[in-house]
Every structure is written in structure tokens, then in C-alpha cells.
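Dear colleague,

I am handing over a structure that you have not worked with before, and below it I have set out what was found in it. Please look through the sequence and the model first, and then read on.

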Amino acid sequence: MAPTIVGRSGRKRSVSPPSTAGVMTRQACALAGAAGLELAPLLAEAGLTTGQIEDRDSRFQARSQIKLLQLAADALRDDLLGFHLGRDSDLRQVGLLYYVLASSNVLGESLQRAERYSALNNEGIALRIRSQRATAMAFHYVGIERQSDRHQIEYLLTAVIRICRQVTNLDLRPRHVRMVHRRREASPELNAFLGCEVAFGSDADEIVFSENVAELPVVSGDPHLNSLLVKFCEEALSERAAARGSLRRDLENAIALLLPHGKAQADEVAARLGMSRRTLGRRLASEDLTFASVLTDLRVDLAKRQLQDGNLAISQIAWLLGYREVSAFTHAFKRWTGKTPREVRTAA
């Protein structure tokens, strides 16, 4: 059952969490099973069942996929699980979406199809294509906490680059690959496969190719087949209501990107979300929220997570949360939790 939000007016409205077709979840389960791991406990912790995995037509919450991938990575002791799955999996398992891309005329058209129909596979991430001076693919989270994900986004960026190479039969190498999450150290294996050094801790998740890749022909292009598949996709799209999720999740994702730059202000965040500050205020009020409360809750959550990372100095954590002075962060954290950041780190 979809959760409901009760606004100040007392009116209830349904909030449907974004769902996924679970392609990478099933691939991770197959790998874990082949390694002799017991799947039932991992699935239960991620809020999934064996029946959902076995039923290829079953969809489930996108956040369950994020959780399962992390659990599987920990159990397999594979810190690059998402990348490895995106690199090694059979791209045809993506299903209808893959065949639409592979039957398009040119790569630019293929990417536009991916932008329009990506929600059929995963409503939790929206793909946006820009083709001006360069061809850029940006991935935006919808109704899901961006800071909770790592393996899913590494899978997606790797798989998208593989698809671009496969449909053009060229060893395409992006100019830039950027990801929002941080890694303790660079991954030569990841950099070598993608063809450039990945910039972690960035303000966006995106791939940037040179400006002329959009005109590259798709070697398996078939206009008649593509027309038929596009029709199927349009029908499937019309049957699914776009996942809207909770405003809070989208707000947290926008704030998290702006915090280190000291720009996490209501005006700036509202602009990032494509609305005025007044509209943002009204929508927050309808969910019994305020901008200040969401900002504080997010800072508390991020601070607790980052304090568990022994490679991040407390001064770095302060900066990531938008504090220019460690003392200001320390005072705020003690006000939130009753303890100093150092006390919490020592206890952890």
C-alpha cells in the first residue's frame, strides 16, 4: 500500500514510492547465489521476497534495490559490485528499453529514447540529455535519497557507456564521468574501463561525450522495428503513472549538493527544483514540513554517517555540511545529539 501524507488541512494524499523492474537486483542475486550465499536473509533485510525475484514481471521499490545491492556487495566483499555488474552483465537483460536503443537510427536518437523511456526500468532515477557543445547525460534521483546509493549509480553509468559502445561498435570514451558519492580512493579498474578518471564527490551524476557522438550511426538500426518498439514503450508509459515520490526526498538531494558550497538556501534550492520559493514553502507546508527542519534533519543524518568514515577528518565533515568553522559544526552537533562529533566518532 502506498504511504499517505496528511497535510495541515487534514486532507490525505497518496505518495507512491518509485518502483524498479529490478534488473540489477536479479543480477546481483544470481551472482550471490553462484557464490554460495544464502539469499533469503539478504532479501528480507532489503524488504524483498524470493517470489519477487523469481517473478521477472514483478516490480518493487527502487530503494529496496539500492539496499540489496549494498548488502550483496558487503556479503561478496566486492566494493565495486555495481561497476562489475554493469561491466559484465548481458545488456539484453535490460529488456525492451535496450532493443529500442539498439534499433534507433543514430546515437543521439537512441539517447533521446533512453531519456523518455528510462522510467519503465527505474522510476527512481530520471535521465536528462543535453546536446549543445557536448553530449551530456545527467542522472537525477526522484523520490529517493541520493546519499544512500552508490552501487546502483555506478552500474547505470557503466552500462550506459557500454550500450553506447555496443550500438555504435566503437570504443567510445567519455570526456568526463562525475558521481556525487565519495570514494576513499580512486579505482584504477573503474577508470581504465570507462576511459577517463572518474570525479567522485561531484555536484552531479553525469557522463559527457564529445559533441559529435550524437550523429554516430547505430550499427543495428532498424527503423521498422524501432517504430514498433516505440509504440510498445508509449503504451507501457501511458499505463504507468510517473513516480512523484515525496517532496522531502527531492529537497534533500538538492540540499546535499549545495551544502559544501554554502549555498543551501531556500531560494537556491527552490530554483534547483524548478519552482519559486513561495511554491516550495506551500508544498512543504502541505506535508507539515519547513525548509529549516529538512535542512537540520539532513545535516544530522549526514553527520552521523560521515563520522563513521575514519578517512574523513572532522574539519572535512564540517565543510561538507556547509560549516566554515569546525567550532560551529561542533556546537550544532552537540545541540542535535547531546554529544560532540569527536565523542561520537570515538564511541563508533
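Trp 336 is partly exposed, with a relative accessible area of 22% (buried means under 20%, exposed over 50% and partly exposed in between, for a 1.4 Å probe and protein chains only). Please bear in mind that this is a predicted model, in which local features need pLDDT of at least 70 and side-chain atom pairs count only at pLDDT 80 or more, while totals for chains, interfaces and linings use all residues. Residues are numbered from 1 along each chain as its sequence is written, and side-chain values use heavy atoms, with hydrogens and water left out.

Trp 336 belongs to a cluster that ring pairs build from Tyr 323, Phe 329, Phe 333 and Trp 336. The model has five aromatic pairs (rings of Phe, Tyr and Trp, the last by its six-membered ring, with centres within 6.5 Å; planes under 30 degrees apart are stacked, over 60 edge-to-face, and the rest tilted). One of them joins Tyr 323 to Phe 329 in a tilted arrangement, with 5.9 Å from centre to centre and 40° between the planes. Both partners are buried, Tyr 323 at a relative accessible area of 14% and Phe 329 at 0%. Phe 333 and Trp 336 make an edge-to-face pair, 6.2 Å centre to centre with 70° between the planes. These two residues are separated by about one helical turn, because they stand three residues apart in helix H16, residues 326–337 (helices, H or I of at least four residues, and strands, E of at least two, are DSSP runs numbered from the N terminus). Phe 333 is buried, at 0% relative accessibility.

Beyond its neighbours within four places in sequence, Met 137 is in contact (heavy atoms within 4.5 Å) with residues including Leu 111, Val 160, Ile 207 and Phe 209.

Helix H8 also contains Arg 165, which counts as buried at 11% relative accessibility. Once neighbours within four places in sequence are set aside, the contacts of Arg 165 are Leu 170, Asp 171, Leu 172, Arg 173, Phe 193, Leu 194 and Gly 195. Arg 165 and Leu 107 lie 58 residues apart in sequence, yet their C-alpha atoms are 9.8 Å apart in space.

His 84, in helix H5 (residues 81–88), is likewise buried, with a relative accessibility of 16%. With neighbours within four places in sequence left aside, His 84 is in contact with Asp 78 and Glu 189.

Which residues does His 84 contact, leaving aside its neighbours within four places in sequence? They are Asp 78 and Glu 189. Is Trp 336 buried, partly exposed or exposed? Trp 336 is partly exposed.
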